[in-house]
Amino acid sequence: MSDTVTIFDTTLRDGEQSPGCSMTMPEKLKVAEALVELGVDVIEAGFPIASPGDFEAVRAVAQKFGERTTICALARCRREDIERAAEALKGIAKSRIHVFLATSPIHRQFKLKMAEQEIVKAAVEHVQLAKTFCDDVEFSPEDAARTELDFLCEVVEKAIAAGATTINIPDTVGYATPNHYFKVITHLKQHVPNIGQAVISTHCHNDLGLAVANSLAAVEAGARQVECTINGLGERAGNAALEEIVMALKTRKDFYGIETRINTPKLCGTSRLVSSITGMLVQRNKAIVGQNAFAHEAGIHQHGMLQNRATYEIMRAEDVGFIGENMVLGKHSGRHAFRARVTELGYTLDDAQLQKVFDDFIALADKKKHVYDADIVALIDKQTTQTADRWQLVQFHIGAGTGTIPTATVELRDDANAEAPQAFRDAAIGDGPVDAVCKAMERIIGVSAELKDYQVRAVSGGEDAQGEASVEIAYLGRRYHGKAVSTDVIEASALAYLKALNRAIGDNSKTPVTRAQA
Ligand code: KIV
Ligand code: ZN
């Protein structure tokens with residue numbers, strides 16, 4: 001049994017399936033790059049048959065990173081799915097096709113309407129087909145945690161005989177508990193004669209809040225691949241959180257005796273990137289990557305920490321790349337000091353990026369008395385996650401106060417034709433100043449979305465902290481997120497809303513656009 005566990009990241013596939021978390025191709029490439037730097041062993045880049053966009057994204061990720069990290073594509077037990085997956089992965093050194101088919105009684109009866117032996121036959125045929133394209137084939141009996149153990153053993157044995165090199169045991173609906181899941185993996189190890197020819201993998205959903213605990217129980221039982229996502233992103237309550245699995249294995253190496261190849265100081269940066277791109281905020285008290293994860297407020301704790309950090313700290317903040325609230329630089333700090341701080345924070349920027357972030361830093365230091373590490377990180381994130389959105393906010397003006405109707409005038413620039421950008425202006429009233437700005441932007445773009453969620457929080461400490469706004473909108477039956485940071489919370493809100501609108505219209509190019517040119 002290997003003492004290293006394979007970390008299989010499915011942020012770009014299972015994570016991206018989460019409502020409102022869809023990513024554009026450049027965003028997927030950025031996340032993939034961060035995952036490669038983080039050191040994950042396998043990136044599940046998408047489900048190529050799902051849409052042309054998914055296919056292109058898997059292909060682009062495979063072309064760019066398929067020499068360094070295994071790139072995996074998902075396929076149902078259908079010929080066209082497997083051929084499409086193989087096509088997306090074509091020509092790269094490290095590819096994997098992941099074939100899945102549900103096995104639980106409820107899925108067999110109501111979803112697939114297939115008998116047990118039909119399932120076995122389909123699994124075998126499609127694993128064999130995948131094997132004609134790729135040596136590395138993973139098979140998942142979907143909803144394995146609710147499948148009869150005898151039948152699960154039969155499917156697994158035949159899938160391995162057909163050529164599967166990884167057998168993934170998904171808890172698709174988050175039904176398992178740690179001891180139950182431990183027993184499932186143990187049962188497979190004891191009753192599947194050829195189990196030693198495949199790596200056993202876990203894939204846990206978090207509906208009962210047990211995804212990480214279940215994954216660790218499976219590792220204890222002998223699983224040597226864990227499927228997980230950054231920040232636990234994923235449908236419903238999400239998937240097992242990569243950062244929690246990795247740090248549990250690292251911190252409790254005394255117990256598990258298992259390593260990963262993850263470059264743990266990159267965990268917080270990768271978490272921030274995924275949060276910025278998807279707009280899905282990380283809760284403050286989230287383990288490992290939350291803002292409070294390393295905060296010790298209680299006096300008794302602080303006293304203990306001063307004597308010996310280990311009294312109350314089981315992990316070092318620097319081991320996960322955690323950036324606290326220390327005040328760092330002022331407006332008189334030079335470019336050299338700024339560059340040094342950026343490097344200390346774990347970022348590598350090219351000269352052009354550094355210059356832009358430095359310019360933003362100077363502008364921020366003019367507005368804000370204290371600039372914290374978290375502010376610098378927000379500026380870097382803004383520069384490095386910026387995508388070429390069609391609509392840009394040029395300026396806005398609001399009128400608001402008690403006894404007045406909140407009004408906003410807004411100017412947007414349409415970059416649809418990059419050679420000849422056009423400016424448009426409009427005005428609107430709203431329930432408040434933010435609502436008025438959002439309505440004015442919608443009038444200009446010619447769309448109407450429904451605001452589903454809106455949150456503002458401070459990026460760092462102090463009264464003049466930058467505000468980070470996060471919005472979720474519903475448009476034509478789909479959800480889209482947007483996130484932005486500014487010292488002015490109305491501007492942050494407007495930018496976040498515009499980001500979400502850009503995503504929404506980018507997803508539906510047929511959106512009617514009617515407005516008056518400025
Ligand atoms: O949750 C699940 O069962 C899946 C499979 C496709 C592995 O995501
Ligand atoms: Zn899943």
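Helices here are DSSP runs of H or I with at least four residues, and strands are runs of E with at least two, numbered from the N terminus. This is a predicted model, in which local features need pLDDT of at least 70, side-chain atom pairs count only at pLDDT 80 or more, and totals for chains, interfaces and linings use all residues. Residues are numbered from 1 along each chain as its sequence is written, ligands are numbered from 1 in the order in which they are written, and side-chain values use heavy atoms, leaving out hydrogens and water.

**Around ligand 1**
- The shell, with heavy atoms within 4 Å of the ligand, includes Asp14, Phe100, Glu142 and Asn168.
- Polar contacts (N or O pairs within 3.5 Å) reach oxygen atoms of ligand 1 from the side chains of Arg13 at 2.9 Å, His203 at 3.1 Å and His205 at 3.0 Å.
- Alone, ligand 1 exposes 260 Å², and the protein buries 94% of that (Shrake-Rupley, 1.4 Å probe).
- Two or more shell residues come from each of α1 (11–15), β4 (95–102), β5 (137–142) and β6 (166–171).

**A helix pair**
- Helix α9 (residues 211–221) packs with helix α10 (residues 242–251) at about 45°, their axes 10 Å apart; axes are lines fitted to C-alpha atoms over the stretch in contact, with angles from 0 to 180 degrees between N-to-C directions.

Terms used:
A polar contact is a pair of N or O atoms within 3.5 Å; within protein, one must be able to donate a hydrogen and the other to accept it, and residues adjacent in sequence count only if both atoms are side-chain atoms.
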